[in-house]
Amino acid sequence: MEIGLKIRGNPLPPSLSPAVARNSIGLTILAVTAMESAFWGYPSPANPQQTNHFPPRTLYGGEGGNKDGSGTNQHPRQQSPPWRMLSSMPRASLLPFALILVLAPASAAGPAAQQPKPQPAQTKPLFSEDFESGKLDPNVWTQQITGDSAITVQQDKVAHGKYALKVSCPTPAQRTHAYLMAKDLPEALRHHLFGRAYVYVTPGVPDRHTIFLTAGTTGFPKYRYEEVATAHNKFQLTYVDTTIQGPLGEDYHAAGEIPLNRWFLLEWEFNDQPDQAAVWVDGELVLDTPFIYKTTSQSTDLVGGFTNFSLGFFLWGAAPVPFDIYYDDFALDTHRIGAVK
Ligand SMILES: [Ca+2]
């Protein structure tokens with residue numbers, strides 16, 4: 001304690017971090033104890049086997065003395081216990097040596113202690129597209145467009161940076177689509193994935209079932225997939241199998257409301273084991289639902305692996321008025337990605 005107070009009373013060397021200081025105080029006490037031990041010959045914590053010059057039971061007085069309890073035959077040192085004597089002159093004389101022992105390793109550790117801790121690297125999502133190249137990489141994206149629908153990378157309306165994607169339905173239409181499609185998704189996303197995109201819908205969405213994005217198998221438009229869609233201005237989460245004839249293997253659930261004429265943060269979760277999907281808007285959960293194949297009650301591996309992704313719009317019914325949807329900062333990963341940081 002005495003040494004510790006002295007260290008605290010003086011400015012610590014810059015290299016002496018709090019952790020090093022704590023260790024130094026401990027080492028100081030240990031060093032003084034060891035020196036006391038060497039000097040007076042009683043065991044130190046570092047060397048409990050050390051031979052004592054005096055019988056151990058008499059070191060601190062309590063059980064020392066004659067058999068008759070008079071205590072008159074104690075060794076002169078025992079009459080004044082060594083730790084009491086060391087608390088005055090001997091301990092003070094040992095202090096410089098103890099400080100040398102303590103501060104030398106602390107100084108040697110200085111440069112290492114000054115080095116800042118390595119910060120964890122910013123983890124980039126497994127798949128991401130911010131459109132900042134100003135164009136679409138044909139090695140990543142293919143396009144599926146019908147009618148007058150269009151896909152452009154533009155600068156008029158962006159969530160972040162200089163560019164964002166625009167998909168448009170410029171004239172009243174029916175059963176049309178404009179999809180940006182990626183294939184060969186990373187293996188880690190094959191059965192369970194999370195997505196994030198900034199979305200701007202204007203002036204509104206068709207009242208009919210309109211898909212924003214899907215994750216599913218190859219074979220568009222005949223494929224199995226989960227989707228984030230809208231119908232009647234609500235969000236709709238759907239499992240669909242368009243590979244079969246007759247009634248589609250479809251399970252859909254709706255909730256919430258599509259924000260219009262402003263950027264919003266759209267997040268989604270697609271799970272195929274078991275089948276389930278969720279959607280968040282601006283960080284708030286809108287809908288979280290399982291999917292069950294209606295004819296067989298199967299509820300896992302309905303898709304059979306997410307290998308392809310579609311982003312844009314797919315209109316099942318009629319669009320009585322034109323509409324545009326902008327996307328920016330699209331990303332996929334194995335966990336929720338959250339807002340752009
Ligand atoms: Ca951007």
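A residue is called buried if 20 or more other C-beta atoms lie within 10 Å of its own, exposed if 12 or fewer, and partly exposed in between, with C-beta atoms placed from the backbone. The views show a predicted model, in which local features need pLDDT of at least 70, side-chain atom pairs count only at pLDDT 80 or more, and totals for chains, interfaces and linings use all residues. Residues are numbered from 1 along each chain as its sequence is written.

**View A. Strand β9 (residues 224-231) and its burial.** Strands are DSSP runs (E, at least two residues), numbered from the N terminus. Eight of the eight residues of β9 are buried. R224, E226, V228 and T230 lie on one side, and Y225, E227, A229 and A231 on the other. In a regular strand the side chains alternate between the two faces of the sheet.

**View B. The neighbours of β9, β8 and β10.** Two strands pair if DSSP finds at least two bridges between them. Strand β8 (residues 210-216) pairs with β9 in the antiparallel sense over six bridges, and T210 has T230 as its bridge partner. On β10 (residues 234-241), eight antiparallel bridges connect to β9, with K234 as the partner of A231. β9 and β10 form a hairpin with two residues between them, and H232 in the turn has a positive phi of about 55 degrees.

**View C. The open sheet of seven strands.** The order is β2-β6-β15-β8-β9-β10-β11, with antiparallel pairing. β2 (142-145) and β11 (251-255) stand at the edges with a single partner strand each, so one side of each has no neighbour in the sheet.

**View D. The pairing of β2 with β6 (residues 177-182).** Four bridges join these antiparallel strands. T142 stands opposite M181 in β6.
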